[in-house]
Amino acid sequence: MADRAQPLKSRWGLGVATLVAMLILGALAAVAFRAEVGRGLGFADWAAIRFTVTQAVLSALVSVILAIPVARALARRRFFGRRVLIALMGAPFILPVIVAILGILAVFGRSGWLSDMLALFGFEPLQVYGLHGVVLAHVFFNLPLATRLILQGWQEIPAERFRLAAQLNAGPLAMWRLLEAPMLRQVVPGALAVVFAICLSSFAVALTLGGGPRATTIELAIYQAFRFDFDLGRAALLSGIQLLLTGAAAIVALRVATGEGFGAGLDRPVRRWDGQGTLARRLDAVFVIAAALFLLLPLSAIVIEGLPGLLSMGASVWLAAGTSALIAGISTLVLLGIALPMAVAVALGRGGLVEVAGLLGLAVSPLVIGTGLFIVIYPIADPFILALPVTALVNALMSLPFALRILIPRVREILGRYGRLSLSLDIRGWVFVRRVLLPRLRPQIGFAAGLAAALSMGDLGVIALFADSDTATLPLQVYRLMGAYRMDAASGGALLLLCLSMGAFYVFDRGGRRYAET
């Protein structure tokens with residue numbers, strides 16, 4: 001689309017995208033400037049790099065391998081609650097990390113439910129700290145994502161292919177060789193790359209479940225160099241390495257080819273005639289039930305353990321909850337102010353710089369951006385005074401790639417449908433935005449705002465760099481309570497955080513859909 005044929009111009013989006021790129025690249029330039037290249041890396045640094053790559057590889061492999069039979073069972077079975085289960089698989093994405101970790105500890109920890117059951121039979125309690133604990137937490141977060149990605153691949157196989165296979169009386173092996181295995185070869189590499197890229201930037205998981213120097217990720221090493229040693233040169237050098245790893249993983253995730261697919265179908269509902277034997281049905285049931293229990297038990301533990309803890313929370317927890325709500329609100333407003341003009345610019349066909357600027361938030365770790373901003377702010381102001389606005393800004397940048405993916409298709413559709421008509425009625429500029437664009441974009445705005453608010457509410461990253469002893473968000477306060485072994489209060493804070501995060505997402509998302517097209 002050309003600007004001259006549309007009621008909006010792309011200059012605002014291009015300007016905002018330029019500011020976003022300058023902010024992120026400026027922070028990275030500050031990191032690169034402070035990096036002491038000739039100094040080299042110490043033994044602990046190389047150990048952190050090895051552990052980061054190792055846990056990311058293991059987490060990606062375990063998540064995707066387990067996701068394949070779960071996705072296959074969901075693809076070929078119809079049962080009561082299937083839609084709810086698939087919807088719940090999106091919950092870990094917006095679930096605060098510290099909340100999920102407390103749920104995992106309540107189920108799999110040394111004093112957890114499974115350890116109590118094992119003690120009845122004389123077995124030793126489970127040990128959840130270390131590499132296996134980090135991998136367990138990452139599988140909890142990424143198994144649903146991998147399942148959704150692979151399930152989408154199964155659903156994209158045209159129904160006519162399954163009908164033809166049934167008419168030819170193709171057996172399970174033939175069905176696997178002709179349809180399922182080719183699809184998995186197309187989808188699985190991309191799922192592995194995405195999960196690997198996500199696990200590379202692990203911070204809160206390693207901070208709480210790492211278990212010591214032998215289980216330190218690069219981001220945790222950056223945090224330690226920054227907070228405990230105030231070694232900005234070492235933090236900058238590690239940040240550069242983190243950037244290279246996450247950037248390379250993100251590029252691979254984006255560039256992994258999906259193949260030519262299976263061709264177009266007639267969009268009929270997919271009906272499966274395979275896997276009707278007793279053994280296949282039982283195996284599918286086992287995989288679905290196991291996945292559901294793996295996801296629902298920690299969430300249930302949060303509620304069960306957190307309800308008594310609500311009574312033991314002090315005033316500091318409620319103050320931290322207010323701080324988190326304030327940061328989430330500011331972050332959401334900043335995100336919408338950035339994402340809307342950028343989405344319009346992309347929809348108008350000026351997507352080169354804009355899309356690159358939007359993807360920077362996905363490729364660059366928030367801890368790296370936080371380190372760069374600290375280096376920039378430190379000579380001219382006290383960074384700890386600016387902890388809250390900096391945290392809100394970085395949280396908005398981290399949510400930007402997801403918001404753009406939500407907004408761009410709908411903005412493109414609105415401009416294509418109403419653009420020329422609005423021009424003929426001389427409706428353009430802010431009038432078009434207020435009367436045409438925003439009313440029809442409310443569901444997507446609500447969804448993007450809810451996602452941004454939930455992610456910001458549960459973030460435990462940049463605030464850990466900038467916060468002093470008197471400043472804390474709710475996730476940071478819960479972490480401090482865990483460190484002080486006040487697990488009852490920590491569980492209560494986690495339940496409060498879960499309610500706030502899910503509540504913020506529901507209010508924004510529901511509000512956008514309720515008043516859409518009015």
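Ground rules. This is a predicted model, where local features need pLDDT of at least 70, side-chain atom pairs count only at pLDDT 80 or more, and totals for chains, interfaces and linings use all residues. Residues are numbered from 1 along each chain as its sequence is written, and side-chain values use heavy atoms, with hydrogens and water left out.

Confidence next. pLDDT is the predictor's confidence in each residue, from 0 to 100. The protein averages 80, and 86% of the residues score at least 70. Residues 257-268 stay under 50. For that stretch the model has 20 contacts beyond four places in sequence; contact means heavy atoms within 4.5 Å. Where pLDDT is low, predicted coordinates should not be read in detail.

Now the cores. A nonpolar core is a set of buried Ala, Val, Leu, Ile, Met, Phe, Trp, Tyr and Cys residues joined through side-chain atoms within 4.5 Å. Buried is under 20% relative accessible area, exposed is over 50%, and partly exposed is in between, with a 1.4 Å probe and protein chains only. The largest nonpolar core has 150 residues. Which members touch the most others? Val-20, Ile-150 and Met-342 do. Helix α17, residues 387-424, gives the most to this core: 15 residues. Helices here are DSSP runs (H or I, at least four residues), numbered from the N terminus.

Take Met-342. Leaving aside neighbours within four places in sequence, its contacts include Gly-13, Val-16, Val-20, Val-354, Leu-400 and Leu-404.

On to helix α11, residues 218-227. Of its 10 residues, 8 are buried. Among them are Ile-218, Glu-219, Tyr-223 and Phe-226.

Then helix α20, residues 474-483, which holds Gln-477. Buried or exposed? Gln-477 counts as buried, because its relative accessibility is 11%. Beyond four places in sequence, Gln-477 touches Ser-316, Val-317, Ala-320 and Ala-472. Val-478 is buried, at 1% relative accessible area. Not counting residues up to four places away in sequence, Val-478 touches Ile-98, Leu-102, Ala-490, Gly-493 and Ala-494. Val-478 and Val-99 are 379 residues apart in sequence, yet 8.7 Å apart in space, C-alpha to C-alpha.

Last, the surface. Val-303 sits in helix α13, residues 278-309. Val-303 counts as partly exposed because its relative accessibility is 36%.

Definitions and conventions: Helix = DSSP H or I, 4+ residues; strand = E, 2+ residues; numbered from the N terminus.
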